[in-house]
Amino acid sequence: MNCHRYQTGILAILVVLISGCASTLNVSYYSDPPGAVLYQENQRFGYTPTTLRYQITEEDRKRGYAILRGTSVRWASGASANISSLRANLSTGLTQQFTFNRPENYPGREGDIRFALELEKLAIMRRQAQAQEDQAFYQLYNAINQQYQRQQPSIRNCTSTLFGNTVNTTCY
């Protein structure tokens, strides 16, 4: 009986530890139009959309929200938008998103849209190149496998006979 309580206690501790491991908040930053460069504390993180990961503290959990650092974006035209901080409500989950809207009064929106389309074309070209590389690898693997199969003698039927302490096996 004591052994069962001990196992139950260990199981309860493991459940608490495992649930405590989910301490990363993923925030996907978008922009309208896409393709703005994302910055946080003067560090560049790439073009939107992009996802940043934040560690959630026990204090954040108790409050029910996390305050994230200021973030900004800059489009190819020079238009920019920023937020001084972001309050992430943890009750909505550990995967969230935020969208920056381009200022309407800043000139060059058409250029920003063209830039976003060029980024999308590049992404498509990368995916196509990766698919071609994967296909070439698959074809090479199959060719090597077929060559290996041809080199192996095909064994269809084997007969074994026992002569004293010796076993003779013949395969056709």
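**Close-up views of a predicted model**

**View 1. The β10–β11 hairpin and its glycine.** G164 adopts a positive phi near 65 degrees in the hairpin of β10 and β11, where 2 residues lie between the strands. Strands here are DSSP runs of E with at least two residues, helices are runs of H or I with at least four residues, and both are numbered from the N terminus. β10 covers residues 158-163 and β11 covers residues 166-171; the two pair in the antiparallel sense over 6 bridges. Pairing requires that DSSP finds at least two bridges between two strands.

The model is predicted: local features need pLDDT of at least 70, side-chain atom pairs count only at pLDDT 80 or more, and totals for chains, interfaces and linings use all residues. Residues are numbered from 1 along each chain as its sequence is written, and side-chain values use heavy atoms, with hydrogens and water left out.

**View 2. An open sheet of 3 strands.** The strand order is β4-β1-β9, and the pairing is mixed. β4 (50-55) and β9 (95-101) form the edges; each has a single partner strand, so one side of each has no neighbour in the sheet. From one strand to the next, the twist averages 25 degrees. Axes are lines fitted to C-alpha atoms, for helices over the stretch in contact, and angles between N-to-C directions run from 0 to 180 degrees. Strands of a sheet pair through backbone hydrogen bonds, either parallel or antiparallel.

**View 3. The β1–β4 pairing.** Strand β1 (residues 24-32) runs antiparallel to β4, with 6 bridges between them. T24 has Q55 of β4 as its bridge partner.

**View 4. D60 in helix α2.** D60 belongs to helix α2, residues 58-63. Its relative accessibility is 9%, so D60 counts as buried. Buried means under 20% relative accessible area, exposed over 50%, and partly exposed in between (1.4 Å probe, protein chains only). Beyond its neighbours within four places in sequence, D60 touches Q55, Y65, A66 and L90, contact meaning heavy atoms within 4.5 Å.

View 5. The whole structure contains 8 salt bridges. Each places a side-chain nitrogen of Lys or Arg within 4 Å of a carboxyl oxygen of Asp or Glu. E58 bridges to R61, with the closest N and O atoms 4.0 Å apart. Both E58 and R61 lie in helix α2, 3 residues apart, about one turn of the helix. R61 is partly exposed at 30% relative accessibility. E59 and R63 form a salt bridge at 2.9 Å, N to O. About one helical turn separates E59 from R63, because they are 4 residues apart in helix α2. E59 is exposed, at 53% relative accessible area. R63 is partly exposed, at 33% relative accessibility.

**View 6. The D112–R102 salt bridge.** The side chains of D112 and R102 meet at 2.5 Å, N to O, in a salt bridge. This pair links distant parts of the chain: D112 sits in helix α3 (residues 109-151), R102 in the loop between β9 and α3, 10 residues apart. D112 is buried, with 1% relative accessible area. R102 is buried too, with 3%.
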